[in-house]
Each structure stands twice: as C-alpha cells, then as structure tokens.
Amino acid sequence: MLGCGSLRGMAKKQYITTAIDYPNAAPHMGQVLEKVQADVCARWFRLRGDSVRFQIGTDEHGLKIQQTAAKQGITPKELVDRNVPLFQDLYRRLNVSSDFFIRTTDKQKHWPTVQELWRRLQKVGVLEKRPYVGLYCTGCERFVTKKDLVDGKCPDHQRAPEQVTEENWFFLLHNEQEWLKEALGTIYKMVPSFRSAEMFALLKQGLEDVSFSRPKESLSWGIPVPGDESQTMYVWCDALTNYISGIDIFGLSGSEPRSGGDHERAKRVEWWDDAHVTHVIGKDIARFHALIWPAMLRNAGIRLPDTLLIHGFLTNEGQKMSKTVGNVVDPEAVLKRFGGDPDPLRFYLSHEIPVGNDGDFSPKRFEELYDAKLRNQIGNLLNRILVLLKKEGGQIVDFSKVPGGSNVEAIVPQAWSFYEQEMNSFVFHNAVAVGGHNQIADLLNQHIGIYKPWERPKEEKIQYLSALAEAMRHVALMLLPFVPAAAQRISKQLNVPYADKMLAKDFVLTPELKRWGGVGGWKAVGEPEILFAPLVG
Ligand SMILES: [Zn+2]
C-alpha cells in the first residue's frame with residue numbers, strides 16, 4: 001500500500017496542492033500531467049466522502065520573469081497578468097476542479113503570510129545574513145553547485161554559470177538533517193516510496209545552508225524582506241509558502257490583520273492541522289519539498305505535511321521534450337484535435353502514465369487508445385446496449401438474476417473493491433483500466449457477441465440488456481474521477497436518476513450507488529448518442 005490506506009472508511013479533510021506554475025511562457029504538457037493527476041486525486045477524495053480543498057496557482061516572481069518581461073518591453077506585472085489567465089483558462093477547460101488559485105503576486109493573501117513566516121524564522125534564529133560567493137545559473141534561476149554541472153555547464157541550459165559574490169540571507173539548513181532523517185518517510189511520506197531513497201542519500205551527504213534572499217539590485221521582482229529594504233526574497237520562502245498562504249494560515253488577510261490567538265488557530269485547524277495535506281509535485285522539485293519546506297515549517301511552529309506525491313517527466317515519442325528540438329507538445333493543440341473535449345487527454349494521461357513514473361506522450365499511441373478504448377470498448381458498447389434496449393421500449397427491468405451466464409453481477413462488486421484499493425493507493429492507471437475496460441467493458445463486449453441477445457425471447461433480452469445497462473452505470477461511476485464529462489454523458493444516456501448531480505463537488509459514491517442494482521427509481525434508458533466522435537484526418 002503506497003499512500004493513504006489509513007484513511008479508508010473515514011470521512012476526512014483533504015488539502016491537496018500542486019506545484020505553482022511559472023508563467024513566463026504558456027502552460028506545457030508536464031504541468032497538465034500534474035494538474036490532471038492532482039485533480040483525479042481530489043475528485044476521488046470527494047467521491048469517497050472526504051471534504052476537500054484543492055489549490056493550484058502560479059509562482060510569479062524571480063529573475064526569469066523579470067528578464068522575459070524586459071525582453072518584451074513590458075513590466076513583470078504586465079507579463080504575468082497576460083500569462084496567468086492562460087493557465088487558469090486551460091485548467092478550467094481541462095475540468096481541473098480546483099477550489100482556489102493562489103498567485104504569489106497576491107498582496108492581500110500571499111505577501112503577508114510570506115513575510116510573517118520570514119519573521120518567525122528570523123525570530124528563532126535560523127536566518128543569517130552573510131556574504132555569499134557562488135555559481136549562479138540564470139536559466140535555472142538559482143545557485144548551482146559544481147556537482148550540478150556537466151563540463152562546467154548547466155546541463156539544462158548549456159551555459160556556464162556566473163560567479164556571483166553578494167550579501168544574502170541564509171536559511172541554516174545544515175542544522176536540520178538529523179530530525180529530517182526521522183521524519184521523512186514516517187511523518188511525511190513520499191509516494192512513490194523510492195523517492196525517499198534519493199532524499200536519504202542527500203541527507204547522508206549533509207545539507208548546506210540555503211540562500212533565502214538576493215540583493216534588490218540583482219532581483220527586484222519579488223517580495224521584500226521584512227526589516228531589510230536592501231533584500232528581495234529568493235524563491236524558497238516566496239514560492240513554497242503558497243501552500244499555507246492560500247489557506248491564510250496565520251489569519252492575516254482581510255481588513256483587520258490579526259496574527260496569533262484564536263483566529264490563527266481556527267484557520268490552521270481547518271485545512272492544515274486537521275487535514276491530510278498532500279503536495280503533488282514533479283520529481284525535479286522533490287528535494288526542495290522534502291528538505292527545505294519541512295524545515296521551514298518546523299522552525300515556524302507549523303506541523304509537517306503528510307504526503308508528497310511525486311510525478312515523473314513526460315517524453316515525446318521517447319525523446320526529451322525541448323524547445324531547441326522543437327518537440328514540445330502543446331496542450332492546446334491536443335485539445336483542439338479532440339474538438340476541445342478534455343477527456344481523451346485526461347484518459348490518456350491517467351491510463352498511460354502510472355503516478356510516480358516518467359511517461360511517454362505519443363500522439364500515435366494517444367489516437368490508437370482513443371479509438372480502441374474510449375470510442376470502441378466504451379462508446380460503441382454503450383450505443384449497442386441502448387439501441388437494442390430502445391427497440392424493445394427502453395424499459396429497465398429487474399436484473400437481480402442476469403441471464404446468459406456472463407457473471408457480470410459478481411464481477412462488478414469485485415471490480416469495485418480492486419478499484420477502491422488502487423485509487424486509495426494512487427495506482428490510478430490500474431483503477432482506470434478496471435473502470436474503463438479490462439474487467440467490465442471488455443467482458444461485456446465479448447459476452448454480447450457470444451450470447452446474441454437479439455436472438456433471444458423478448459423478456460430475456462430485456463433482462464439481459466438491463467443488466468448490461470446497470471454494468472455501464474458502474475463503469476461510468478468508476479470513470480468519474482478520470483473523465484468526468486464523459487462519465488456524466490454515459491449516465492445521462494442511461495438516464496440514471498443522479499446523472500445531473502454527479503459533477504457536483506458534494507456528490508458521494510454511497511454504498512447504494514456502488515451496489516449491483518442499488519439505484520431505485522431507474523425505470524428507462526435515455527436516447528443513445530455518439531459518446532466520442534471519430535477523429536478526422
Ligand atoms: Zn541552468
């Protein structure tokens with residue numbers, strides 16, 4: 001069991017966050033993968049009855065934004081105000097069900113929290129100002145060490161770092177490694193767990209202090225260091241803090257800023273202390289989230305998060321996506337290929353890329369999967385059932401005994417228990433396969449051809465088709481976290497009584513809904529329609 005097995009059977013508060021995106025360019029497919037995986041997680045938690053707060057956002061400060069804006073002859077604020085809606089709009093069209101979008105340029109909510117956190121760290125003596133001589137990669141926008149370099153160059157940017165000497169505030173991370181060794185993997189779990197090994201290797205090498213600010217002359221686009229006008233905060237304190245500023249953990253936003261006391265406690269209890277906190281991030285930033293972030297929180301007297309869910313990278317037909325090679329997959333182009341329908345992409349990412357692993361984005365494989373699974377196995381099956389049933393009047397009859405020996409009434413409950421186990425352990429690709437095709441739709445596709453309901457007496461035929469419609473009802477529910485819009489279209493065509501409500505955030509998979517024949521008041525199916533259109537060209 002990988003993840004939150006201890007939560008089974010308990011309604012729980014879940015606070016899920018993704019990494020905040022850097023909006024110096026339009027969104028890319030890696031960011032989409034992360035949002036979709038987090039969304040599947042959020043939707044699943046809601047469906048099993050947890051209360052969920054799901055936050056995404058943008059990391060808008062830093063030298064790269066400052067430089068990109070300068071190149072384009074606009075201010076950094078103009079740049080981010082132009083680009084941030086590209087992210088918000090894309091994620092909305094992908095049906096990412098986030099509850100809150102945090103922007104690090106938000107001076108009402110984000111800045112006061114970041115500055116308060118800084119003050120707390122300063123108060124306990126873990127911040128220190130001193131000169132720093134280091135190698136700085138402007139591409140990475142961070143100081144790099146010699147061991148990060150290949151042939152003296154940053155491997156990601158193919159350029160030599162600059163040597164920089166300057167006054168910085170430092171976060172004294174070197175003091176933190178002993179307790180981190182205890183906390184990582186126990187209090188603060190990593191999924192997949194093999195990522196912990198990488199963190200323990202870093203801890204074994206020993207942690208270095210982290211540059212926490214830069215002089216204002218070299219970095220002006222950021223949050224000022226409280227009490228030191230000459231310095232701007234560097235990415236760590238600014239960006240990582242979004243996870244607690246978005247929930248206003250110190251109770252500072254609003255017209256009467258208050259810190260401490262009951263107000264702060266109430267805020268903290270709701271979505272941090274009382275919640276299961278899950279950060280969904282990419283493997284490239286795992287160490288910042290596994291080492292720096294918990295150390296910041298602990299020193300500020302805030303409890304550690306619970307789960308770090310770490311995804312891999314996407315390649316394009318096996319090749320690393322890169323702007324220079326020109327093989328970066330544009331999510332907008334993919335959406336356009338499917339007429340704006342987000343579900344084929346959501347299905348592909350969930351089906352093909354196991355949570356935690358690297359994965360390949362292959363346009364060819366994508367189109368094959370779309371045709372084989374979504375159009376044929378699910379779409380055509382549904383259509384066949386509905387058309388045959390409509391011919392007989394469209395009534396749903398008692399299917400407690402399913403004729404024909406398909407055993408579907410026993411397979412559906414088995415599928416549910418496997419599905420729930422896999423969903424609770426973040427093994428989404430197995431769960432979508434159960435719901436999507438392997439166990440149920442695949443079986444029905446085969447069985448319908450063998451049994452030939454159209455050759456059966458009318459009563460038996462209707463009974464059989466009613467049972468198949470019931471099986472499709474379960475398929476739709478299992479697909480709901482992955483392809484919500486399609487799951488609802490299936491349910492509407494089946495005409496199940498809850499179809500209109502199933503995309504609401506308070507829709508819960510009750511035991512009745514998961515039971516074979518568990519839905520009362522379902523009398524007839526609706527009109528069959530094409531579920532997924534054929535691809536043209
Ligand atoms: Zn670099």
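Select α10 to begin: this helix gives the most to the lining of the second largest pocket, with 4 residues. The model on display is predicted.

Next, display the whole pocket. The second largest pocket holds about 630 Å³ of space and is lined by 24 residues. To centre the view, pick Thr145, Glu208, Asp209, Val210 and Arg287, which lie nearest the centre of this pocket. Colouring the lining by class gives 13 nonpolar, 4 polar and 7 charged residues. The elements that each supply at least two lining residues are β4 (127-137), β5 (142-144), α6 (194-205), β8 (210-211) and α10 (286-299).

From α6, step to the loop between β7 (189-191) and α6, where Pro192 is placed. The peptide bond from Val191 to Pro192 is cis, with omega near -5°.

Now select residues 110-123, the 14-residue helix α4. From first C-alpha to last, α4 reaches 20 Å, close to the 20 Å expected at 1.5 Å a residue. Because 10 of its 14 residues are buried, α4 is largely enclosed by the rest of the structure. Among the buried residues are Trp111, Glu116, Trp118 and Arg120. Gly125 follows α4 and has a positive phi, near 80°.

Two further backbone sites complete the tour. Most residues other than glycine have a negative phi. Asp248, in the loop between α8 (242-245) and α9 (261-273), has a positive phi of about 50° although it is not a glycine. Asp248 is buried, with a relative accessible area of 2%. Finally, select Lys452 in the loop between α16 (441-451) and α17 (458-479). The phi of Lys452 is also positive, near 50°, but Lys452 is partly exposed, with a relative accessible area of 31%.

Methods. Residues numbered from 1 in each chain as written. Predicted model: local features only at pLDDT ≥ 70, side-chain atom pairs only at ≥ 80, totals over all residues. Heavy atoms only, no water. Expected span 1.5 Å × (residues − 1). Buried < 20%, exposed > 50% of the residue type's maximum accessible area, 1.4 Å probe, protein only. 1 Å grid on protein atoms, 1.4 Å probe; cavity = no way out; pocket = protein on both sides within 12 Å on 5 of 7 lines; lining within 4 Å. Points joined across faces, edges and corners; volume = space filled by probe spheres on them. Nonpolar A, V, L, I, M, F, W, Y, C, P; charged D, E, K, R; others polar.
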